[in-house]
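These are my notebook entries on one protein chain. I wrote down what I looked up, entry by entry.

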Amino acid sequence: MMDGPLLMENVTSLFFRKITTTQPMRPKGARCEDVSSVMNSLQILSLFFFSLAFLLGVTGNGLVIWITGFKMKTTVNTVWFLNLSIADFIFTFFLPISIAYTAMDYHWPFGTLLCKINSTVGILNMFASIFFLVVISVDRCLLVVFPVWSQNHRTPRMATKVALTTWVLALAMSSPALAFRDTLRTRNNTTLCYNNYAFSTNFSDPQIASVRKMRNTVLTFTNFLCGFLFPFIIIFVCYGILIFRLRRNQRARSSKPYKIMCAVVLSFFCCWLPNHFFLLLRNSLDQQSSCLTLRIFRIGSPVAASLAYFSSCINPVIYVFIVRDFKNILKSSVLSVLEMAFKEESTIPQSRTTSVQQDEKSMMMPLESK
């Protein structure tokens, strides 16, 4: 029976499933409109976005890794952005598997081990990227609000320890994929890579189905709370404080820092909110779900997933290239742009007042470490 694993598949996996052919979730006695033609178009669109994300993500994040890891002096900023880029690079490096899987009409020929590893990498990227965005936001906030404390404690050594802790937390949050991801051979000789929450291929037993749904619900809400809601609140509060401090500083008359901060928060929000929305929607689907709800889910899920994947190649643009006018970027070498974006100020403030003024002035170029 193939309807079971398709019904319980999780949108936050590396791939979305084309479930229109089986219609596993529909109201009893109702016939839902066939959306297979739309799904075929979305499949082609997904191949395009996956390929684009792979090219941009590997190139953009690879450049950041090369320059921050080998061409620049180790600073707090380079530690943050090096690790953020590593998380995105690893994910985009595995995207060819997603491309092949989508091109083969969602048939998984790569084995159970790679199913587990590939899915874990995707979830690891989600948590690592978001956690590092939180770390960067908190670091900037502390830098402006507590400049003296930051001057004494904000070191590359401490940043490295925080980065390692962040990776451990991200690995812990993504570890369920190693346990639950599994493969299943269907009647039409198609192999699925899916979440086997009950460690069983019995999809008719009510008790097993109850365990499967309970675990799916727990992981769904855990991923939403820890992978989106709480991090977004922290980021929003941190940048709210920074904007408030900039507005109090009479030197900060330009609107550019506000636009950059809004871009950071909005990109995080727009890339991940649709994915989590359809994740929660998936958890609520059952036999009583309306055809309209099913249609929204089937069409919206791949779009939301593609948007979330694309966030891995947006980070280099937002955190590096946005610090300069586009024309200046074209005239400058990639090395000089990134060095300006990540360089640390060498001058030590002589007083708390001077430190605050310098820190807030440097916020005019948000990616420069203070």
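I call a residue buried if its relative accessible area is under 20%, exposed if over 50% and partly exposed in between, using a 1.4 Å probe and protein chains only. Helices (H or I, at least four residues) and strands (E, at least two) are DSSP runs, numbered from the N terminus.

**Entry 1: ground rules.** The model is predicted, so I took local features only at pLDDT of at least 70 and side-chain atom pairs only at pLDDT 80 or more, while totals for chains, interfaces and linings use all residues. Residues are numbered from 1 along each chain as its sequence is written, and side-chain values use heavy atoms, with hydrogens and water left out.

**Entry 2: confidence.** pLDDT is the predictor's confidence in each residue, from 0 to 100. I found an average of 76 for the protein chain, with 72% of the residues scoring at least 70. A contact means heavy atoms within 4.5 Å. Where pLDDT is low, the predicted coordinates should not be read in detail.

**Entry 3: overall make-up.** I noted 13 helices and 2 strands in the protein chain. Of its 370 residues, 50% are buried. Of the contacts with a separation of 6 or more, 76% join residues 24 or more positions apart.

**Entry 4: helix H4.** Which residues of H4 (residues 95–103) are buried? I listed Leu-95, Ile-97, Ser-98, Ile-99, Tyr-101 and Thr-102. Their cover includes helix H2 (36–71), helix H3 (76–93), H5 and strand E2 (191–195). After H4 comes Asp-105, with a positive phi near 60°.

**Entry 5: H5 against H7.** Helix H5 (residues 112–145) packs with H7 at an angle of about 145°, and their axes are 8 Å apart. Axes are lines fitted to C-alpha atoms, for helices over the stretch in contact, and angles run from 0 to 180 degrees between N-to-C directions. In H5 the meeting residues include Phe-127, Phe-131 and Phe-132; in H7 they include Trp-167, Leu-171 and Met-173. By class I have 17 nonpolar, 4 polar and 1 charged residues in this contact. Ala, Val, Leu, Ile, Met, Phe, Trp, Tyr, Cys and Pro count as nonpolar, Asp, Glu, Lys and Arg as charged, and the others, Gly among them, as polar.

**Entry 6: aromatic rings.** My search of the whole structure found 17 aromatic pairs. Rings of Phe, Tyr and Trp (its six-membered ring) pair if their centres lie within 6.5 Å; planes under 30 degrees apart count as stacked, over 60 as edge-to-face and the rest as tilted. Phe-232 and Phe-236 are a tilted pair because their planes are at 35°, with ring centres 6.0 Å apart. Both lie in helix H8 (residues 206–248), 4 residues apart, about one turn of the helix. Phe-232 is buried, at 17% relative accessibility. Ring pairs link Phe-224, Phe-228, Phe-232, Phe-236 and Phe-269 into a cluster.

**Entry 7: two single residues.** Is Ser-150 buried or exposed? Ser-150, in helix H6 (residues 147–153), counts as buried because its relative accessible area is 3%. Thr-293, in helix H10 (residues 291–319), is partly exposed at 26%. Leaving out residues up to four places away in sequence, Thr-293 touches Leu-281 and Leu-285.
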